[in-house]
Amino acid sequence: MTSAMLRSLISGLSLIAFAASASAQPAPTPPAKKPVAEATEPPTTPPVEPVDHTALPPPAPTPPPPPAPTGEPPKKLLVGKDSPGASFAPGLLLQGWFVLDENTKPGATGDTNAATSTFRIRRVEISFGGDMVPGFVKYKFMFDPSRVRDTMTTTTATDPSGAPVTIRTPAGAISVLQDFYVTFQSKMADISIGQFKNTVSMEGYASSAKLILPERDFMANLLGGQRDIGIRIDKAFKTFMYSLNVFNGAGQNTLDTNNQKDISLRIEVSPVPGLTVGGNTYDSIGYRNRGGTKDRWEGDLRYERGPFLFQSEFIHARDVLSTGAKPVNGRGFYGAVAYRLGEFGAGNWKGVLQPAVRVGYYDPNIDVDLDPSMVAGSNFGGNDERMDYEVGLNYYVRAYELKLQVGYDRQQFDNSSTKMPINEVIMAAQVTF
């Protein structure tokens, strides 16, 4: 081994020994951490102040959820920006008829059967009512466009056989306004001003939608249910009702031309459930000998319990037909019975059947037995007694809102040689709400 190689070997061993001694020494001790500040030292951020909840306003209430839709439209609409609670409610009564009249008349060559038939729009009553101030002021008005051509003129002609024939033709246009009034309400009396029905005849005063036969009794239609302009004070309680009225006495949609006024008072009591006993007086005040003076005195009774219904009226009438003339006294009555049999049919045609029977009598002049000059050609007056025998059937498909009716009326007259009996059939359909 040369000296150069020996020196290289000694140098390598020296390096290895130095590295081993360096790795065997302990690691240096790390510097001590800075101690945490004592609790007595002031904090670096200010403390949070407690909140006084009593000084805060209460949270806004959560609005209630909107009502779930029921599928039914509202019965009243709110109206009036300055009258909270003011409402507006529409109403409708539609009645369509088919009428068949048969009248056998004596002729020179034998009896002649004179029959007439017609379709008729009987009622199209459109009404609106509601409250302006709930519990204080309400209103209503109603008009009927079908009445424009409803007034008929009766004339008498002769058919080819020489027999007299009654012809009824439209008399011309009339006002369609039926009811209009504004009512101020209180606990004991409601005061209305406008145009409305008088209170003569329970059936004449009642709603046309709830008749048990297609038409009212002849007497009730002739003497009661007439409209006039005036003021009414009335109120209905649980077992008692009164209605005090003052009218022009000139008739529907007509201004008064004199100082005579008509006054009426109707009282009804209900001593037991289902029973109503009523009385009415209607009299012209002042100028009692003037043409157009009229008095009506009436008593009526209605009993409705379960499916059974009985109704009856008696009316005495006194009329001055022309100024200074002797008053004419008339008198009449009727009685009606109806009974609901129960449900019939199926599906959309399921409804309730109600047969009805009515018998009526009217004598327009009880002081004169017969005056042929006043009865020929007319079935609506004169000094001839009239009897009505009526039967009918009601089919309530949706109660009064959808009703079908058929009625038969046999009209007989005391002077049968001049006024032969009349047979009348009416078929009616009604929709109302």
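Colleague: Which residues does Glu215 touch, not counting those up to four places away in sequence?

Modeller: In this predicted model, Glu215 touches Trp97, Arg122, Arg123, Asn221 and Arg358. Contact means heavy atoms within 4.5 Å.

Colleague: Where is the place of Glu215?

Modeller: Glu215 is in a loop. That loop runs between helix H2 (202–205) and helix H3 (218–223).

Colleague: Why does Glu215 count as buried?

Modeller: Buried means under 20% relative accessible area. Glu215 has 16% relative accessibility, so Glu215 counts as buried.

Colleague: What makes the pair Glu215 and Arg122 a polar contact?

Modeller: Their side chains are joined at 3.0 Å. The cut-off is a pair of N or O atoms within 3.5 Å, so the pair meets that distance.

Colleague: What separates the C-alpha atoms of Glu215 and Ile426?

Modeller: A distance of 8.6 Å separates them, while the two residues are 211 residues apart along the chain.

Colleague: How many residues has the largest nonpolar core?

Modeller: That core has 19 residues. Ile212, Met219 and Leu223 have the most contacts inside it. H3, strand E14 (308–319), strand E15 (328–339) and strand E17 (351–363) each supply at least two residues. H3 gives the most, with four residues.

Colleague: Which residues is Ile212 in contact with, leaving aside neighbours within four places in sequence?

Modeller: Ile212 is in contact with Leu309, Ala336, Ala338, Gln354, Ala356, Asn394 and Gln405.

Methods
Residues are numbered from 1 along each chain as its sequence is written. This is a predicted model: local features need pLDDT of at least 70, side-chain atom pairs count only at pLDDT 80 or more; totals for chains, interfaces and linings use all residues. Side-chain values use heavy atoms; hydrogens and water are left out. Buried means under 20% relative accessible area, exposed over 50%, partly exposed in between (1.4 Å probe, protein chains only). A polar contact is a pair of N or O atoms within 3.5 Å; within protein, one must be able to donate a hydrogen and the other to accept it, and residues adjacent in sequence count only if both atoms are side-chain atoms. A nonpolar core is a set of buried Ala, Val, Leu, Ile, Met, Phe, Trp, Tyr and Cys residues joined through side-chain atoms within 4.5 Å.
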